[in-house]
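Dear colleague,

Please find below the structure that I am handing over to you. My notes on it follow directly after the display.

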Amino acid sequence: MADRKYTEDHEWVEVDGETGVIGISDYAQEQLGDVVFVELPDVGKVLDQRDEAAVIESVKAAAEVYTPVSGEVIEVNEELNNDPSLVNSDAHGEGWFAKLQLTDPTELDALMDEATYKTFVESLS
Amino acid sequence: MSHSRDLSRGAAAVGSATTDTVHGHQGLLLEEPLLFEIDNPGAIGVDLPDPGDFTPRLGGVARQGEIGLPSVSEPEVVRHFTRLSQKNYAIDMGTYPLGSCTMKHNPRLNEKMVRLPGFANAHPMQPDSTVQGAFELIDGVAHWLKELTGMPAIAMSPAAGAHGELCGVMAIRAALDDREGGPTTRRRILVPDSAHGTNPATAAVCGFSVDAIPSDARGRVDVKAFADKLDDDVAGIMITNPNTCGLFEPDMIEIAELIHDAGGYFYCDGANFNAIVGRVRPGDLGIDCMHINLHKTFSTPHGGGGPGAGPVVLSDALAPFAPVPWVVHGEDGFSLVEHADDAGDAKPFGRLKGFHGQMGMFVRAYAYMLSHGRDGLRQVANDAVLNANYVVSCLSDVMTPAFDGPCMHECLFDDRFLKDTGVSTLDFAKAMLDEGYHPMTMYFPLVVHGAMLIEPTETESKRGLDEFIAVMRALVDRARAGDSDAFVAAPTMTPRRRLDETAAARQPILRWSPEVPTAEAAE
């Protein structure tokens, strides 16, 4: 299984070789409530770590999604334009946001692994 | 043919409280279709004489088909809008604790004054000599606002709070451009994470990027985090005081010094001025500009459903860039500076609005100011803060205040008290509707989980507050007793049951469409 890492802002990145897919965690989608709109980045955009990668609107709030890693956007999940509810129904799968060509894989070392993130989320409630 | 008159259709589609009456009416509260659905071709409110024979001179631009507007008689249209108005909830009907909106009573004296023919019938293009009283009133409101805020200049024309923000940030940008002799290189505006959404939106509209300042554990701006963000890229900071957590920002003077030392300007969002009017002059805290929602602090909440007004007070540094027009008082009485050419040494950044601003709101605000006086306005702030603290002190044993200590004009609860009850903030708010209360502000500010922001304003009496508190306590008891089904089903007594906010956002239906296209129906 590919390696999935998390940020304290509840984004995840799943790395496969030199590319990484980013999204928000199941905990984040649950906190946001029903997602009604996702603004995705342009393909070709170069992002530094923690740059705004997407904007997400739910019935409760609007929130920025920051990229957990630096890289160039090589693909975005166009399906979210038609069906933003994918973020709610499958945040870790079909609700992905974008795929990046990583520029600095060492950034991954500072992110949380699955178990650490789980403990972190439990500490929030 | 006419469109079918299926009176129950709308009710069934959204789920009215009572669907077992013939037409969906509930007692004398009548179910009301859309105006288009009661179209009665041929019905008309006026008799027009037959034009007789005439030769059309419209040529090729004459309308070919029907216009598609509904036909109704005068009694039908009066009943339609009266029935709709009965479904509206208003400050004149009861408590309206919507946080950050200052839903205070609008004194009837305001309405009497604004209907004086000299104000109500004045036209903005009348000769100046015929509207001297109107100019004097604008000048009077401007004087009061400058006095109350301790600021030297004011722009009166902004039409609402967010428009005032736009005015303030445009003045900041104009001042920076002027100082740098070209488009400013400063790109960032700092905004606390508890801010009204309009603050970052305004900064973005003006071409700046938004950098969020975290709140500290006390719900205030984290001054150290703010100071760490300062550099020569920062254009300014926007702070609401009291902030959206209902808390006074105690470090304003230090923040003002820091932002000024960094070469930026200090925008203060005056949406919550009701808490401090007559007690604190924001100018003394070192701000550069602040909008004042006349339709909050000076009555006519939410603009009475009409326009608001958001005049902006300005410091000496920003005053030269204020937008036209403004009123001046010379030997020949009052007149208006309307063009940059007539502005002397000033460098107005332009014009934000047609004509002079929201005259009706100026009249209401002035009536409110003069009838209260300086001491009365101070009493407004005192009572608004007292009422909010009364609410929080009577509810803090059963609900969970987001922050410790006294609040200002509004009190903020989080949803810890609902933990494990199966009831969400939204469910709780919907249950309040069945109890006859407009809900408080929900899920805002974003920094507090499941936020409930209650602003009683000075309008409510102790009796009114006690009734509200009793209802809130009873609802908490019911939630804790495990009756979550009742909350999830609420509201049950309103003209419409719980609306599907998600579908409304994902698949909005923004217009009515005829079941039969208009052109066919006309044949």
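How are H6(B) and H7(B) oriented to each other? In this predicted model, helix H6 (residues 161-180) of chain B packs against H7(B) at an angle of about 45°, and the two axes are 9 Å apart. H6(B) and H7(B) are therefore oblique to each other. The crossing in which H6(B) passes H7(B) is right-handed. On the side of H6(B), the contact is made by B:Gly161, B:Ala162, B:Glu165, B:Leu166 and B:Val169; H7(B) contributes B:Thr198, B:Asn199, B:Thr202, B:Ala203 and B:Val205.

Strand E2 of chain B and its partners

Strand E2 (residues 188-192) of chain B has 4 of its 5 residues buried, so E2(B) is largely enclosed by the rest of the structure. From E2(B) the chain passes through helix H7 (residues 198-205) of chain B to E3(B), in a β-α-β crossover that is right-handed. E2(B) and strand E3 (residues 209-213) of chain B run parallel and are joined by 5 bridges. Within this pairing, B:Pro192 has B:Ile213 of E3(B) as its bridge partner. E2(B) also pairs in the parallel sense with strand E4 (residues 234-240) of chain B, here over 3 bridges. In that pairing, B:Leu190 is placed opposite B:Ile237 of E4(B).

Helices H5 and H11 of chain B

A further helix pair is formed by helix H5 (residues 132-149) and helix H11 (residues 359-395) of chain B, whose axes come within 10 Å and cross at roughly 60°. That angle makes H5(B) oblique to H11(B). H5(B) passes H11(B) in a left-handed crossing, whereas H6(B) passes H7(B) in a right-handed one. The residues of H5(B) that take part are B:Ala134, B:Leu137, B:Ile138, B:Gly140, B:Val141 and B:Trp144. They meet B:Met359, B:Phe362, B:Val363, B:Ala365, B:Tyr366 and B:Met369 of H11(B).

An open sheet in chain B

Chain B also holds an open sheet of 4 strands with antiparallel pairing, in the order E10-E11-E13-E12. Strand E10 (400-401) and strand E12 (441-442) of chain B are at the edges with a single partner strand each, so one side of each has no neighbour in the sheet. For E12(B), pairing with strand E13 (residues 452-454) of chain B is antiparallel and extends over 2 bridges. B:Thr441 is located opposite B:Leu453 of E13(B).

An open sheet in chain A

In chain A, 6 strands form an open sheet with antiparallel pairing, ordered E1-E2-E3-E9-E8-E5. Its edge strands are strand E1 (3-6) and E5 of chain A, each of which pairs on one side only. E5(A) is joined to strand E8 (residues 71-76) of chain A by 2 bridges in the antiparallel sense. There, A:Val46 is found opposite A:Glu72 of E8(A).

The loop between strand E4 (35-39) and strand E5 (46-47) of chain A contains A:Lys45. Is A:Lys45 buried, partly exposed or exposed? A:Lys45 has 17 C-beta neighbours inside 10 Å and therefore counts as partly exposed, since a residue is buried at 20 or more and exposed at 12 or fewer. Along the chain, A:Lys45 and A:Glu14 are 31 residues apart, and their C-alpha atoms are separated by 19 Å.

How values were computed
Residues are numbered from 1 along each chain as its sequence is written. Chains are lettered from A and ligands numbered from 1 in the order in which they are written. This is a predicted model: local features need pLDDT of at least 70, side-chain atom pairs count only at pLDDT 80 or more; totals for chains, interfaces and linings use all residues. Two strands pair if DSSP finds at least two bridges between them. A crossover is right-handed if, with the strands pointing away from the viewer, the path from the first strand over the helix to the second runs clockwise. Axes are lines fitted to C-alpha atoms, for helices over the stretch in contact, and angles run from 0 to 180 degrees between N-to-C directions. Angles under 35 degrees count as roughly parallel, over 145 as roughly antiparallel, 65 to 115 as roughly perpendicular and the rest as oblique. A crossing is left-handed if the near helix is turned anticlockwise from the far one by less than a right angle, and right-handed if clockwise. Two residues are in contact if their C-beta atoms, placed from the backbone, lie within 7 Å.
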